[in-house]
Amino acid sequence: MSQDGHLVATRYSWLRQPLPRQHQTLRVAMRLNARQAGRLRQGFIPVAMEQHWFAYFEAGTLYLHRSWTGNLIFVTPFSPDGAGLRATHTLVNRDPRQYEETNEDFMRGLLTQVVAEFAEA
């Protein structure tokens with residue numbers, strides 16, 4: 001448990017599947033300040049059915065899995081940016097049996113939204 005009372009997620013905190021061979025690189029532009037970066041590093045363990053994501057941060061990379069299936073949807077490496085973090089690309093699951101979305105703008109927006117929610121939690 002972190003100092004602020006959040007459970008710290010690890011790869012072993014939830015059901016998870018590997019990134020399939022069918023994936024693509026998607027350019028993104030995300031910057032987090034020190035507080036947001038600290039919160040994102042704690043990850044997220046869902047506690048209610050309405051929470052659709054499980055996230056953990058390992059070796060500078062954020063892994064975002066769908067909570068019900070464990071399917072890995074986004075793998076986003078972050079690099080230091082002053083006291084915070086930044087990301088310039090992500091790997092996106094492109095296996096249509098696991099993730100059907102094909103609109104890159106939607107995927108980029110979804111990733112940005114989820115990261116923002118976890119960074120501000």
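The legends below describe close-up views of a predicted model, in which local features need pLDDT of at least 70, side-chain atom pairs count only at pLDDT 80 or more, and totals for chains, interfaces and linings use all residues. Residues are numbered from 1 along each chain as its sequence is written, and side-chain values use heavy atoms, with hydrogens and water left out.

**View 1. The crossing of helix α1 (residues 34–41) and helix α2 (residues 104–120).** Helices (H or I, at least four residues) and strands (E, at least two) are DSSP runs, numbered from the N terminus. The axes of α1 and α2 come within 7 Å and cross at roughly 95°, which makes α1 roughly perpendicular to α2. Axes here are lines fitted to C-alpha atoms, for helices over the stretch in contact, and angles run from 0 to 180 degrees between N-to-C directions; angles under 35 degrees count as roughly parallel, over 145 as roughly antiparallel, 65 to 115 as roughly perpendicular and the rest as oblique. Arg35, Gln36, Arg39 and Leu40 of α1 make the contact with Val115, Phe118, Ala119 and Glu120 of α2, where contact means heavy atoms within 4.5 Å.

**View 2. The two faces of strand β1 (residues 23–32) and its pairing with strand β6 (residues 84–93).** In a regular strand the side chains alternate between the two faces of the sheet. β1 pairs with β6 in the antiparallel sense over eight bridges, two strands being paired if DSSP finds at least two bridges between them. Within this view, Leu26 stands opposite Thr90 in β6.

View 3. Strand β3 (residues 61–66) pairs with β4 in the antiparallel sense over five bridges, with Thr61 standing opposite Pro77 in β4. Five residues lie between the strands of the β3 and β4 hairpin, in which Gly70 takes a positive phi near 80°. β4 also pairs with β6, in the antiparallel sense over two bridges, and Val75 stands opposite Leu91 in β6.

**View 4. The ring pair of Phe44 and Phe118.** Rings of Phe, Tyr and Trp (its six-membered ring) pair if their centres lie within 6.5 Å, and planes under 30 degrees apart count as stacked, over 60 as edge-to-face and the rest as tilted. By this rule the count comes to seven aromatic pairs. The ring centres of Phe44 and Phe118 are 4.7 Å apart and the planes are at 15°, so the pair is stacked. Because Phe44 lies in the loop between α1 and β2 (53–58) and Phe118 in helix α2, the pair ties together parts that are 74 residues apart in sequence. Phe44 is buried, with a relative accessible area of 16%, and Phe118 also counts as buried, at 8% relative accessibility.

**View 5. Ala59 in the loop between β2 and β3.** Although Ala59 is not a glycine, it has a positive phi of about 50°. Ala59 is exposed, with a relative accessible area of 81%.

Note on methods. Buried < 20%, exposed > 50% of the residue type's maximum accessible area, 1.4 Å probe, protein only.
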